Amino acid sequence: MILAASCLATLVAGCSGQPADQVETRPGPSRHYTMEQFVKTLSIGGSSFNHDESKLLVSSNETGVYQVYELDLATGQRTAVTQGDETTFAVAFMPDDDRILFSRDRDGSENNHLYLRELDGSVRDLTKGEDTKEEFAGFHPDLASFFTQSNKRDPRFFDVYRWDVVTLDKTMVYRNDDGFEPFDITPDGRWIILSRFNTTNDSDILVADLKNGGQPILISEHAGEASFRPQAVSPDSRHLYYTTNVDGEFQILKRYDLTAGTHEVVYATDWDVSFAFFSLTGKYRVIGTNEDGYTKVQITRDDQEMPLV
């Protein structure tokens, strides 16, 4: 192998017209790490501020298995919230107190359950059924409730539930009999946004009026293969923003008027739009584009573009 490498170096030098001892070589790594140091690499991810913004909820694998920790923002000290041999990830602090939601993979079954750690340190399993999988799907903008997706009713499909933050009473808001992938519910609670993946390069968006029967309606009818991906719902519940390449080579940002049933282009360029979202009040809108492998971010405030420093 050394001989082959030497011959290759000589051959390259010959082709370049440079002597072998003048061939440019890349410098080695600036720092070497031992295997022991490599094994001790620490990963920390996920974040949620508590109600008074004094703590941050994170997941860390510092014990070898991901567990949940509270990070004191004043001191930087991490305190373990969970422990054990089962992979556990932080979800969120509750909006008005220090109760904690977290997700745990029980016995490696990948049937993650959702748990609540009470203020006294006791833990409640919010997911019913050993073979049930339940995923947190975000807080409502009013922070009085949160959503989950659960396959308890039918292992093949995920229904959507709404939970009261205080009482933990839950109500099914969408029965998923067709295997669609729920994306979001409008803040006024009327519309649910659904995705359908047909092939790797072909997908659709459907919306269902939860106040009028909840029958899914296809809003991305097209010929051939095209990608339709929901990105955001406007805080006023009027529009669904989505990306699509149905009109050409690049992914562009469009929006759908949920009442009028009309589509319009919001942003298009000679690069793919990767994502779009709003601030809680809708004052700020963020659009990300993939430009030659780099992410470019555009922020608008009250529909006026803001310069990024």
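In this predicted model, Glu-110 is placed in the loop that runs between strand E6 (100-104) and strand E7 (113-117). The backbone of Glu-110 has a phi near 65°, a positive value in a residue that is not glycine. Because its relative accessibility is 53%, and the threshold for an exposed residue is over 50%, Glu-110 counts as exposed. A positive phi is also found at Leu-143, where the angle is near 60°, again in a residue other than glycine. Leu-143 belongs to the loop between E9 and E10, and with a relative accessible area of 40% it is classed as partly exposed.

A further loop residue, Leu-210, is located between strand E15 (202-209) and strand E16 (216-218). Its relative accessibility of 24% places Leu-210 in the partly exposed class. The C-alpha atoms of Leu-210 and Gly-189 are 7.4 Å apart in space, while the two residues are separated by 21 residues in sequence. When neighbours within four places in sequence are left aside, the contacts of Leu-210 comprise Val-173, Tyr-174, Ile-185, Gly-189, Arg-190, Trp-191 and Ile-192.

Thr-148, by contrast, is part of strand E10 and has a relative accessibility of 0%, so that it counts as buried. The side chain of Thr-148 forms a polar contact of 2.9 Å with the side chain of Trp-163. Apart from neighbours within four places in sequence, Thr-148 is in contact with Leu-114, with the run of Glu-134, Glu-135, Phe-136 and Ala-137, and with Asp-159, Val-160, Tyr-161 and Trp-163.

Strand E10 (145-150), which holds Thr-148, is also among the elements that give two or more residues to the lining of the largest pocket. Besides E10, the elements that supply at least two lining residues are strand E9 (134-139), strand E13 (181-185), strand E17 (228-233) and strand E21 (272-278). When the lining of the largest pocket is divided by class, 18 residues are nonpolar, six are polar and one is charged.

The second largest pocket has a volume of about 300 Å³, and among the 18 residues that line it, those closest to the centre are Tyr-241, Arg-255, Phe-278, Gly-282 and Asp-303. Two or more lining residues come from each of strand E18 (239-244) and strand E20 (263-267), with E20 providing the largest share, three residues. The class composition of the lining of the second largest pocket is five nonpolar, five polar and eight charged residues.

For the chain as a whole, the secondary structure consists of two helices and 24 strands. Of the 309 residues in the chain, 37% are buried, a class that includes Thr-148. Among contacts between residues at least 6 apart in sequence, 22% join residues that are at least 24 apart.

Technical notes
Residues numbered from 1 in each chain as written. Predicted model: local features only at pLDDT ≥ 70, side-chain atom pairs only at ≥ 80, totals over all residues. Heavy atoms only, no water. Helix = DSSP H or I, 4+ residues; strand = E, 2+ residues; numbered from the N terminus. Nonpolar A, V, L, I, M, F, W, Y, C, P; charged D, E, K, R; others polar. 1 Å grid on protein atoms, 1.4 Å probe; cavity = no way out; pocket = protein on both sides within 12 Å on 5 of 7 lines; lining within 4 Å. Points joined across faces, edges and corners; volume = space filled by probe spheres on them. Buried < 20%, exposed > 50% of the residue type's maximum accessible area, 1.4 Å probe, protein only. Polar contact = N/O pair within 3.5 Å; in protein donor to acceptor, adjacent residues only side chain to side chain. Contact = heavy atoms within 4.5 Å.
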